[in-house]
Amino acid sequence: DVKIGSIVELSGPGAAAGTNFRDGVKLGFEEVNAAGGILGEKVQLLEYDSQTDPQVSRAMVQKAIDEGVYVITGTVYSSSTVVNMLVAQQAGIPQFTGSEAPSITQKGNPYIFRTAFGSQKGMPKVAKYMAEEMGIKKVAIVWANTEFGKGGYGAFMEQAKIYGFEIVADVPTEQAQTDFSADVLKAKNSGADAVFVYLTEEESARFLREAQKQSIGLPMIGETTLIGAKVIELAGDAANGAMGHVGLTADAGIPAVSEMVARFKAKYNYTPDHNAIKGYTSAWTIKCVTEMIGSTDRQAFADKMHGLTLTAAECPGVLMDTSWDDTGEMSRESFFVVVEGGKQTVKAVLPPN
Amino acid sequence: MVEFLQLILSGLAAGSIYALAAVGFTLLWQASQTINFAQGEFVMLPAFFVLVGMTVLGMPMWPSVLFALVLSLLILGVMFKKLIVEPMLPHGTLPLVIATIALGLLMKESVKEFYGATAQPFPPVFPQTVYNIAGASISVQDLGNLAVSMLAIAGLQLFLNRTRTGRCMQATAQNPAVAEILGVNVKRMVMYTFLVNAALATVASVLISPIYLAKFSNGETLGLVAFIAAIVGGFNQIRGALAGGLLIGVIDNLSAVYISAAYRNAVPLILLIVIILVRPQGLLGTSEGRTV
Amino acid sequence: MTETVLSVRNMSKQFGGIRAVNNVSFDVKRGEILGLIGPNGSGKSTLFNCILGQLRPSSGHCEIKGRSTDGVRPADLSLMGVGRTFQQLSVFPKMTVLDNVILAGQEHEGTMLSRLFGPSDAGLTKKAEQLIEFFRLTPYRDTEAGSLSYGQQKLVDAAMAFMAGPDIVLLDEPAGGVNLTMLAHLKERLMTYNCEHGTTFVVIEHNMEFVMSMCTRIIVLAQGEVIAEGRPEEIRTNQTVIDAYLGG
Amino acid sequence: MIPLRRLLVGIGVAALIVAPIGQGNYIIYTLSSWLLFSIAAMGLNLTLGYAGQVSLAQAGFMGIGAYVTALMTLAGIHWLFAAVASISACFLIGLMLGYPALRVQHHFLAFVTLAFNTLLFLVLRNEEEITGGSFGLVGMPRPDFFGFSTMKNLQFYYFTLVCFLLAAGVMWWILRSPWGRAFKALRENPIRAESLGLKIRRQTLLAFAFGSAFAGLAGALQSPLVQFIEPSSFGLIHSLKLLLMVVVGGAGYFFGPMLGAAVVILLPEVLRFTEGYYLIIYAVLVIVLMVYSPGGLIGLGRKLYDWMKPGQEARRDIEQGVQL
Amino acid sequence: MLELKNVTGGYGRITILNGTSFEIPRASITTIIGPNGAGKSTVFKAIFGLLTIHSGQILLEGEDVTRRKPAEMIARGVTYVPQGRNVVPQLSVFHNLELGGITSKDQAKVRRRIEEVMDQFPMLRERRDQKAIELSGGQQKQLEVARALLLDPKLLLIDEPSIGLSPNLVQEVFQTLIRLRDQGVTILMVEQNAKAALAVSDYGLVLELGQTRMHDRADKLLADPRVGQLFLGGHIEDAA
Ligand SMILES: Nc1ncnc2c1ncn2[C@@H]1O[C@H](COP(=O)(O)OP(=O)(O)OP(=O)(O)O)[C@@H](O)[C@H]1O
Ligand SMILES: Nc1ncnc2c1ncn2[C@@H]1O[C@H](COP(=O)(O)OP(=O)(O)OP(=O)(O)O)[C@@H](O)[C@H]1O
Ligand SMILES: [Mg+2]
Ligand SMILES: [Mg+2]
């Protein structure tokens, strides 16, 4: 058997993201197994709960390594990944993380690979679109004051400098915040041309509803977490008009993705978010790349990954053509979408950068 | 000025929700001297009962609410009392506090395992109409929440202080040994307390969830805010929960705008510490009397 | 032997509208056994608590051994050699009887640091055991004090008041619930301390035999005010006292 | 101490020494974590179990210890000095946090400390320049002692073990000195204690300060063990976890916290076969334990022991007879 | 009326009552005396269903009531005033009194009785709306005694009522007990204030080490030199 370790946040504040990621991984490997496994061997998935606690995540990665895993998937929360990737690195185990914090691929760790862009890849695309297509000058930014939010915030601020946005309101918010009236009010009264929202899904939904209540009257721009299917489900018609940049999305209108989403829904009975897709694609990537190198050699695997472009044609499970550079950062096409009538509508396809 | 008005209105709206959650604390304290660290989860859970009624059993909204109420009375009321509180009352507070912490964990994890980790939309109880008062918006929902929490709290206050049953409940809490000797049915009084608490939690849950969205982890933040509200208002007066809740709601909003968004959570905490130090019985609470 | 050890001046204490203690003044001389009696609610316990720093008096002040007690914490009073008991049972319920009694003495020995670093017990255990023996509690030496009977706890309480060898002791109803034989015993001990060490006692008590047979002087309070003062035989026959307190 | 108990302690220490030999890194890492949480729980046991002052800020103090150590060791100062600084910082801040305890008791105190813990979290997160904000601090070195490196997990375990034994020794010393009795008196009846000359203010403050100092040491060990710290590792939830350790083990018993820490840290491991349900089972177990044995596991042990000893005892004074 | 047959029982593993037996007739006052820790209060707890009883029987009006719950004893007309302080601290004096009659069906009568006991203890009327915790020790005891008189009990168990009461009130309480007895109430009382208590009692009972040592008419006990000696020192056995 090929042992794969899944270490994600199954409890604690990160449980929603972690569970999605884990279920994506599980679905991926089930299909892999159904398709004959990796190099003819069945995949055995060892699951660990990091409890959204970096210290525990470190222990769990250690444990997975002690148990002889071939590749590790997870963790999603950057604060955990920064710690446990050191352990995996020491042991020379390739690791697919769901984290988006820029710093992760900037540490020169040759074993870490992303399953979605780091925010430093996504932000330039959004900022460029905002400046060039929408002609925005003044921006109010509302962001989650967590390691997740801060990563995006930092990346956006860098772009804001480049494109000369004036930040007229800078509003950090708390994790699991429920009352967004003050935040909406601040953004509304700031005289901004647009509000950039970088919150997790639920908070985004609450923000959108409050914005609707106070009739904010400004375009709201964000990332997947502002306009994902989950947000639309939660915010209802308050989500209409929100727009933003999405990487791999269930609503991208790509058949492979829609089919995967349908299978996922059938199996787990809920709509997967981008974390689930991250997990799913990482499972297939592991299969395809291992079969390319022809053995379960960790070093060879990591070497092969660097600079690799995996097309959907040769490995359908990655859903879209994807490339990794030599830091483990990935890139692929992405989309600028607007929510209209409770549906994501793709406004533009943004090329990989 | 409009901004200020908006903040006050929104603060009151949020505060009425905190008050609803906080009143459960004061009730349990007054009627059983128990501190329920799972109170936030108590408010989180009934929403999922409603959702189960609607999505799994396919019932319409109001029957589902009724279904949730019955389930809550059974689980949060009867079972909590019989299985946890009753056997533990003689042991003093600390083990009970730990047990309620564990219970909170149990409820949270169960919802996550059996219903899902992501937030769920929840049907609104009140129409979504928004009124504009001098440039500030307030929704029917906000007004409804405020009205319900005021009614609930006033009713409870009257019940505890003006009825014999209410006083028996207090006696049971303050000195169960004496209550028993006088022939008060101690177990039944404790049961009443928990049933009322369960009913309140259900009401709170149904009112809160359209705004908060139903999520397994909602109890964490809500529980904390409710604690603070209960203490600031005064633990031994039911109406203290209302005062505390509204105050925290307004202060939270004001400090987010006028002080610092990054430290907005600190303001209620500092208020809490100050209140405890200068007026430990809370704003509306009364002192507990002689100690020597 | 005429040094004033306790002097109370114009002491008043109000609770809301209730005047619990109203302008009370008196002196206690070294070696006296002063009885403090009066109907229920006449302010005796409140007076004790004001003197001993448990309550802050509304007005008036008090001196012990020539030192004003304004703002002095109860602990410091104890260290000055003022012992007391409470009207309500007050032992440390989950500690053994021995620990209860030792604790009453340990803070008077050495310094904070020496109590941490040099736990020589300075004969405390021996002294405590003697007191326990004296109050006939030896079988209960290692029993948790909270599981003793009412009277036994009262005795532990009394033993604690003697442990630190105080100069002046304020006792709030020491006889309540105590068996008559033990009461005689307690009285004997009080008198011995009084004679041998010159310890001063102020005793609140409703047991008239106990008070009358032991006290050198008695003060009678009613509704917070001193209504009579004198030697036991004077008080016993004082008509005001009989009306207000002793009854027919 | 009776010889039997001395023997048992000896066996225990020996077991701790051999425990990690031949084990994988994960086990060793978990054992080290257990030791350091035991230290923090021991401190809380002093504050809560013995002195009766409810504190929900123990994880906050671990955080203070961890950050002080991290910042100092990252600046190149030797761990030893950093640890001393951590312990002192926690001692002083604990002393300060004790002040509210002078005014309020029980649940109110619990909430003051809870508020403190949350405030501390906000400061650690917001004061990014110093603390690294929500990204935390990474890469704290493990210390060297005169050429003995603790870089490897096994070595670090022994290093932690030494700290643990020292801490336990100090705790044992405090508890058997008159201070131990004074702490208990504070828990049982502070008013009476004060009337007996116990400076309850000072004693309360010390209960907090000493309890926090232990957390400081635990934090100082956590920094180099995990080599990463961030604010949410020291949030309220972790204070609750520490509280759970103390009470599950047995508050007010010397070995309670160590047992409790073992359970809280190892139980998830033992229950892992139940997959997603382990937290549910864990919660149920805690509730059942509290219902049947409020004295925690040690209390349960005593209960079982009592239960196995059959029969009734005569009343205490039966031999002495009536002494009238 | 009430009979204990060889009752043994205690707290946890410790046996306190070692075969206590006695019988008290209807409409009488019996006072239990004995040294501290003899088990007097424990006897009351045994009767009222608050103690683990290992063996023996308790009969109330010929019916076996061993190990019954307190609520049941109340329903059978037994009222118990424990030793120490037993008020509900944060409720007012009036509401404390009202709790004394909580089991009565006839609340109008309870109101009337409250007025009557407030006449008897005027202090209670003065402080009708004050919290019970704010009363002085003796005032709280008055409240407790008054509360026990609200219902018309068949059997009144009263544990050291004199603690904390001023002498005139002790007399008042004793006189009330006599009146109650004359109305047919059976009273079992524990008192350290033996002389005064025996003087108003019909029977006296000496308890030692959880066993009945003497049980006789009160006047006989008062005259008994052994009892005299008991309170002056010495062992009953020696005296016998
Ligand atoms: N809760 C308890 N747990 C364990 N032992 C107890 C408990 N209460 C009383 N005892 C023991 O039972 C014995 C009898 O106690 P009890 O209270 O009946 O005495 P008593 O005769 O009423 O004495 P007193 O005159 O002091 O009130 C005592 O030795 C006491 O130590
Ligand atoms: N905290 C308080 N709040 C209100 N009133 C109080 C308080 N403490 C005492 N009192 C009142 O003060 C008066 C004096 O009480 P105190 O306890 O001093 O009486 P006492 O003389 O000791 O009576 P006893 O003999 O019954 O113990 C009483 O009327 C009591 O009700
Ligand atoms: Mg008094
Ligand atoms: Mg008794």
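This is a predicted model: local features need pLDDT of at least 70, side-chain atom pairs count only at pLDDT 80 or more; totals for chains, interfaces and linings use all residues.
Two salt bridges are counted between chain D and chain A, a salt bridge being a side-chain nitrogen of Lys or Arg within 4 Å of a carboxyl oxygen of Asp or Glu. A:E174 pairs in this way with D:R125, with 2.9 Å between the closest N and O atoms.

A magnesium ion (ligand 4) has E:S41 (OG) and E:Q83 (OE1) as its protein donors, 1.9 to 2.1 Å away. Donors are N, O and S atoms within 2.8 Å of the metal (3.2 Å for Na, K and Ca), and sites may look incomplete because water is not among the atoms. E:S41 counts as buried, since its relative accessibility is 18%, and E:Q83 is buried too, at 15%. Here, buried means under 20% relative accessible area, exposed over 50% and partly exposed in between (1.4 Å probe, protein chains only).

Residues are numbered from 1 along each chain as its sequence is written, while chains are lettered from A and ligands numbered from 1 in the order in which they are written. Local features need pLDDT of at least 70, side-chain atom pairs count only at pLDDT 80 or more, and totals for chains, interfaces and linings use all residues, with side-chain values using heavy atoms and leaving out hydrogens and water.
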